[in-house]
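Please consult the sequence and the structure below while reading.

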Amino acid sequence: MFGLETLLANLSTTITDVMGTLGYTGIFILMTIESAGLPIPSELIMTYGGYLGSTGAVHWAVAAVVGALGTGLGSAIGYAIGAWGGKPVVDRYGPYFGVTRDKMLWAERWFCKFGESAVFYTRLLPVVRTIVNVPAGLLGMNFYKFMAYSMAGALPWCLVLSYIGYSLGAHWHEILRYEHWINAAVAGLVAFVILGALGLYLLVRLGYVEKQTVMKYLSFILRV
């Protein structure tokens with residue numbers, strides 16, 4: 001246990017040093033590395049980004065967007081390894097990116113169960129959220145669809161973590177104590193957005209709400 005605590009402390013110090021020095025650039029770089037498969041917890045990266053927002057060094061929401069963009073680049077790197085390298089390269093070098101044979105089998109089962117949307121679901125889960133990158137490329141998933149699913153899952157994850165770090169302020173590191181609550185919060189947020197969108201769609205289709213009214217009140221999101 002002592003070894004794990006020491007490792008987390010050293011990792012936390014490295015993360016805070018990089019982000020404290022580079023700001024948004026540091027967030028982007030670290031989230032790219034994390035999403036490419038190297039063991040850097042996004043929980044630490046994005047909550048510290050939120051904490052920096054509480055100090056005024058960055059804006060917590062912009063930090064979340066930057067983190068999501070970094071996730072996108074890292075995901076593309078993992079996808080390229082699977083798509084261009086093929087199974088021999090994945091078997092040989094995959095473990096360096098956290099993709100062992102057991103994890104590959106786990107990812108393939110997710111693809112069989114949920115289809116391509118598995119890319120979206122896994123983005124909302126800790127530890128395994130980057131595992132599907134390489135298998136997606138290896139299995140020939142459409143790259144643009146892969147990136148769309150990746151970003152759709154990455155943005156709410158980064159937003160929730162960053163806002164929690166912003167709210168906790170100097171106590172941002174306590175995020176590790178409430179990891180299971182965070183997962184539930186992200187899943188709940190995504191479910192709420194999806195159900196809300198479906199509800200609006202049905203109301204418009206059934207004629208209870210005019211499309212123009214919906215577009216008017218959602219213009220700040222849709223930019224129309």
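Helices (H or I, at least four residues) and strands (E, at least two) are taken here as DSSP runs, numbered from the N terminus. By this rule the chain has 11 helices and 0 strands. From the N terminus on, the order of its elements is α-α-α-α-α-α-α-α-α-α-α.

The model is a predicted one, in which local features need pLDDT of at least 70 and side-chain atom pairs count only at pLDDT 80 or more, while totals for chains, interfaces and linings use all residues. Residues are numbered from 1 along each chain as its sequence is written, and side-chain values use heavy atoms, with hydrogens and water left out.

**The chain as a whole**

A residue is called buried under 20% relative accessible area, exposed over 50%, and partly exposed in between (1.4 Å probe, protein chains only). Of the 224 residues of the chain, 40% count as buried. A contact means heavy atoms within 4.5 Å. Among contacts between residues at least 6 apart in sequence, 71% join residues at least 24 apart.

**Helix α3**

Helix α3 covers residues 42-55. The expected span of a helix is 1.5 Å times one less than its number of residues. For the 14 residues of α3 this gives 20 Å, and the end C-alpha atoms are 20 Å apart, which agrees. Because 11 of those 14 residues are buried, α3 is largely enclosed by the rest of the structure. The buried residues include Ser42, Met46, Thr47, Gly49, Gly50 and Gly53. After α3 comes Gly56, with a positive phi near 90°.

Leaving aside neighbours within four places in sequence, Ser42 is in contact with Met31, Glu34, Thr47, Arg129, Trp157 and Leu161. Thr47 also lies in α3 and is buried, with a relative accessible area of 0%. The side chain of Thr47 reaches the backbone oxygen of Leu44 at 3.3 Å.

**Packing against helix α4**

How do α2 and α3 pack against α4? The table gives the angle and the axis separation for each pair. Axes are lines fitted to C-alpha atoms, for helices over the stretch in contact, and angles run from 0 to 180 degrees between N-to-C directions.

| Helix pair | Angle | Distance between axes |
|---|---|---|
| α3 and α4 | about 150° | 8 Å |
| α2 and α4 | about 35° | 7 Å |

Angles under 35 degrees count as roughly parallel, over 145 as roughly antiparallel, 65 to 115 as roughly perpendicular and the rest as oblique. Helices α3 and α4 are therefore roughly antiparallel to each other. Their contact is made by Met46, Gly49, Gly50 and Gly53 of α3 and by Trp60, Ala63, Ala64 and Gly67 of α4.

A crossing is left-handed if the near helix is turned anticlockwise from the far one by less than a right angle, and right-handed if clockwise. The crossing of α3 with α4 is right-handed. Helix α2 likewise passes α4 in a right-handed crossing. Among the residues making this second contact are Phe28, Met31 and Thr32 of α2 and Gly70, Leu73 and Ile77 of α4.

Thr32 lies in α2, which covers residues 24-35. This residue counts as buried because its relative accessibility is 10%. Not counting residues up to four places away in sequence, Thr32 touches Gly70, Leu73, Gly74 and Ile77.

Val134 is found in helix α7, residues 133-138, and is buried, with a relative accessible area of 4%. Val134 and Tyr79 are 55 residues apart in sequence, yet their C-alpha atoms are 4.7 Å apart in space.

Helix α8, residues 143-168, has 26 residues and reaches 37 Å between its first and last C-alpha, close to the 38 Å expected. At its start, a side-chain oxygen of Asn142 comes to within 3.0 Å of the backbone nitrogen of Tyr144. The buried residues of α8 include Trp157 and Leu161, both of which are in contact with Ser42. Just after α8, Gly169 takes a positive phi of about 60°.

Key. Polar contact = N/O pair within 3.5 Å; in protein donor to acceptor, adjacent residues only side chain to side chain.
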